[in-house]
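Please consult the sequence and the model while reading the points below.

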Amino acid sequence: MHRHPGRYAAPTAAMAAVAALALSPAAAQACATCGCSLASDAATGYASAAGWRASLQFDFIDQNQLRHGSHAIAPSEVAALNPDLGQEVEKRTTNRYTTLGIAYGAAADWGFKILVPYLDRGHQTYGASADPLVPDAVSDASIRGLGDIKLIASYQGLLPTHDLGLQIGLKLPTGAYGGGPGAGGQNVGHGYADFASGPNQGAPVDTSLQPGTGSTDLIVGAYYYRAVSQDFDAFVDGLWQGAVAHRLDRPGADFRPGNNTTLSFGLRWEADPAWTPQLQVNLTRKQADRGDLADGADTAGTVAYLSPGVTLRTIADLSLFGFVQWPLHSRLAGYQLFPHWTATFGASASF
């Protein structure tokens with residue numbers, strides 16, 4: 001931030017490459033609003049320095065709690081509330097995302113970054129049957145592969161202090177996507193994962209759980225930060241993502257991910273250049289997925305997280321950071337798996 005250009009220009013500038021990870025499609029797809037919503041730019045300081053930066057970020061999200069509305073619900077309750085609907089009851093989804101970021105600052109005003117995510121997801125569901133909660137009715141799947149790549153451009157030349165920035169970019173349909181069955185009982189998409197065991201063995205995993213969405217999404221964002229005292233900086237950061245084209249567009253076999261909006265705000269303690277504690281509040285609003293392959297009833301919601309963390313400057317131009325997200329509030333449509341907490345760790349370097 002503008003009070004401490006020396007602290008931000010080198011190691012923390014590299015982490016601008018992970019700014020858009022808060023809306024990473026891999027994270028957002030495991031359920032409506034349980035994905036990582038951390039404002040990564042704010043976590044490490046908004047950059048305005050020229051040069052190349054590289055980053056590597058790891059996110060862990062263990063969705064082991066079934067929720068409805070704003071409270072937890074037992075799987076047996078879902079079956080009891082929907083005795084005639086064949087409601088699928090999910091058991092657990094464990095997500096591990098590794099994202100490589102490469103960023104280039106052409107000047108103080110302009111920057112560009114590419115985010116390349118890799119997904120490792122384990123998923124278990126009881127499925128839909130007359131008695132879906134017996135142990136031998138559990139179906140398991142392992143979903144691994146490249147996710148949807150993001151390209152983001154940023155502009156910080158609106159103010160001479162460079163503390164107000166705009167972002168615009170695209171999410172590309174590079175990850176495996178699809179599922180089924182669509183119209184005529186045919187599976188659609190490319191490279192999608194199937195269940196490996198259980199009653200659903202050989203059937204495609206839900207479209208919303210695949211590594212990619214099959215859609216091209218527009219990303220638009222803005223941020224502002226400033227000093228509020230000698231030792232503290234404050235920030236607000238917003239990002240919106242919505243599909244503008246989708247490959248799964250055939251009648252009876254279409255899928256379009258719901259629009260996603262995040263808003264984050266918080267404080268950074270800047271008294272010591274070697275380490276920077278921070279506290280964020282992250283708000284996410286996810287609209288329902290649409291189409292015949294979408295589970296529209298169980299994919300919308302609003303979530304608020306409290307996210308404490310710290311960024312450490314180590315040797316030369318290398319910095320490390322770690323954050324934990326604790327859910328403060330959730331209002332989820334339908335029945336969705338939700339984490340008790342999430343964790344994010346990363347490293348970055350300038351060159």
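A residue counts as buried when its relative accessible area is under 20%, as exposed when that area is over 50%, and as partly exposed in between. The model is predicted. By these cut-offs, D289 and K286 are both buried, and the two residues form a salt bridge.

**Salt bridges**

- Side chains of opposite charge can pair when their charged atoms come close.
- Five salt bridges are found in a search of the whole structure.
- In the bridge between D289 and K286, the closest N and O atoms are 2.8 Å apart.
- D148 and K171 also meet through their side chains in a salt bridge, with an N to O distance of 2.7 Å.
- This pair links distant parts of the chain, since D148 is in the loop between strand 5 and strand 6 while K171 is in strand 7 (residues 164-171), 23 residues apart.
- D148 is buried because its relative accessible area is 1%, and K171 is buried because its value is 0%.
- A further salt bridge joins D120 to R144, whose closest N and O atoms are 3.3 Å apart.
- Because D120 lies in strand 4 and R144 in strand 5 (residues 139-146), this bridge ties together parts that are 24 residues apart in sequence.
- D120 has a relative accessible area of 22% and is therefore partly exposed, whereas R144, at 52%, counts as exposed.

**Aromatic pairs**

- Under the rule that ring centres lie within 6.5 Å, the count comes to seven aromatic pairs.
- The ring centres of W110 and Y155 are 4.6 Å apart and the planes stand at 45°, so this pair is tilted.
- W110 belongs to strand 4 (residues 110-125) and Y155 to strand 6 (residues 150-155), so the contact ties together parts that are 45 residues apart in sequence.
- Y155 is partly exposed, because its relative accessibility is 23%.
- Y223 and Y225 have ring centres 6.5 Å apart and planes at 15°, so they form a stacked pair.
- Y223 counts as buried because its relative accessibility is 4%, and Y225 is likewise buried because its relative accessible area is 2%.

**Nonpolar surface patch**

- L158, L159, L166, Y224, V236, L263, F265 and L283 make a nonpolar surface patch of about 600 Å².
- One of these residues, Y224, is found in strand 10 (residues 215-227).
- Y224 counts as partly exposed because its relative accessibility is 30%.

Notes. Residues numbered from 1 in each chain as written. Predicted model: local features only at pLDDT ≥ 70, side-chain atom pairs only at ≥ 80, totals over all residues. Heavy atoms only, no water. Patch = residues over 30% accessible without salt bridge, like charges linked within 9 Å, V, L, I, M, F, W, Y side chains within 5 Å. Areas by Shrake-Rupley, 256 points an atom, 1.4 Å probe, with all protein chains shown as cover. Salt bridge = Lys/Arg side-chain N within 4 Å of Asp/Glu carboxyl O. Helix = DSSP H or I, 4+ residues; strand = E, 2+ residues; numbered from the N terminus. Buried < 20%, exposed > 50% of the residue type's maximum accessible area, 1.4 Å probe, protein only. Phe/Tyr/Trp six-rings, centres within 6.5 Å; stacked < 30°, edge-to-face > 60°.
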